[in-house]
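Good morning, and thank you for making time for this presentation. I shall go through the fold one part at a time, and I ask you to keep the display in view.

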Amino acid sequence: MKITFSIGSIFNGGGIGNIAYNTVYYVYSKGKIDKVICWKYKKSKIDIKKIIDFKFTYLILRNFIRSIQKFLFKNFDSYYYINNLYDFLASKKIKKTDIFHSLTTHSRKSLKKAKKLGALCIVSHWSSHPK
């Protein structure tokens, strides 16, 4: 059984990225990881061949979208566009897998694609700021 994770964050990069890393590393240590899809990643114990990232898109488009909010339109919801951009890119990289695990807010297209390919889909809502 192989699992693909989709994490619209910096994998192993603090906050949600660290929560994702700990979860993925456990599954990786059991030999069950197919792929990890993420915005970008920081060096870890996960085999780099298992990671698909969008670091150049992250650096250029994500920062451009965030700057629109910061400098032009204060009420512009940059996260909506960033999350949908990530989901669009991630959905193009999903291949047949047994289980597809993703996070809320950036996985609608990805979930549809994974389900169409026959994967069992799991959606989590993690928080790095518990109350």
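In which sense do strand E1 (residues 3-11) and E4 pair, and over how many bridges? E1 and E4 pair in the parallel sense, over four bridges. Two strands are said to pair if DSSP finds at least two bridges between them. Helices (H or I, at least four residues) and strands (E, at least two) are DSSP runs, numbered from the N terminus.

Some remarks on the source come next. This is a predicted model, in which local features need pLDDT of at least 70 and side-chain atom pairs count only at pLDDT 80 or more, while totals for chains, interfaces and linings use all residues. Residues are numbered from 1 along each chain as its sequence is written, and side-chain values use heavy atoms, with hydrogens and water left out.

Let us turn to the sheet as a whole. Five strands form an open sheet, in the order E3-E2-E1-E4-E5, and the pairing is parallel. At its edges are strand E3 (51-53) and E5, each of which pairs on one side only. On average, neighbouring strands of this sheet are turned by 20° against each other, direction ignored. Axes here are lines fitted to C-alpha atoms, for helices over the stretch in contact, and angles run from 0 to 180 degrees between N-to-C directions. Helix H2 packs on the sheet and touches E1, strand E2 (33-41) and E3. The direction of H2 makes about 30° with that of E2. Contact, throughout this talk, means heavy atoms within 4.5 Å.

Consider now strand E4 (residues 99-103). Is E4 mostly covered or mostly uncovered? E4 is mostly covered, and five of its five residues are buried. Buried means under 20% relative accessible area, exposed means over 50%, and partly exposed lies in between (1.4 Å probe, protein chains only). In a regular strand the side chains alternate between the two faces of the sheet. In E4, Ile-99, His-101 and Leu-103 point one way, and Phe-100 and Ser-102 the other way. As for partners, Ile-99 is the bridge partner of Ile-3. E4 is also joined by five bridges to strand E5 (residues 120-124), and these two strands run parallel. There, Ile-99 stands opposite Leu-120, and His-101 stands opposite Ile-122.

Ser-9 lies in strand E1 and is buried, with a relative accessible area of 18%. Not counting residues up to four places away in sequence, Ser-9 touches Ile-16, Gly-17, Cys-38, Trp-39 and Lys-40. Lys-35, by contrast, belongs to strand E2 and counts as partly exposed, at 30% relative accessibility. Leaving aside neighbours within four places in sequence, the contacts of Lys-35 are Ile-3, Thr-4, Phe-5, Lys-49, Lys-50 and Ile-52. Lys-35 and Phe-100 are 65 residues apart in sequence, and their C-alpha atoms are 9.5 Å apart in space.

I move on to the helices. How do H2 and H3 lie relative to each other? The axes of helix H2 (residues 55-72) and helix H3 (residues 78-93) come within 9 Å and cross at roughly 160°. The two helices are therefore roughly antiparallel to each other, a term for angles over 145 degrees, where under 35 is roughly parallel, 65 to 115 roughly perpendicular and the rest oblique. On the H2 side, the contact involves Thr-57, Leu-61, Arg-62, Ile-65, Arg-66 and Gln-69. These meet Ser-78, Tyr-79, Tyr-81, Ile-82, Leu-85 and Leu-89 in H3.

Ile-65 of H2 is buried, at 13% relative accessibility. Leaving aside neighbours within four places in sequence, Ile-65 is in contact with Phe-76, Ser-78, Tyr-81, Ile-82 and Leu-85. Ile-65 and Tyr-81 are 16 residues apart along the chain, and 7.6 Å separates their C-alpha atoms.

Finally, the loops. Most residues other than glycine have a negative phi. Asn-12, in the loop between E1 and helix H1 (16-29), has a positive phi of about 65° although it is not a glycine. Thr-105 is found in the loop between E4 and helix H4 (108-116). The phi of Thr-105 is likewise positive, near 80°, and this residue is exposed, with a relative accessible area of 56%.
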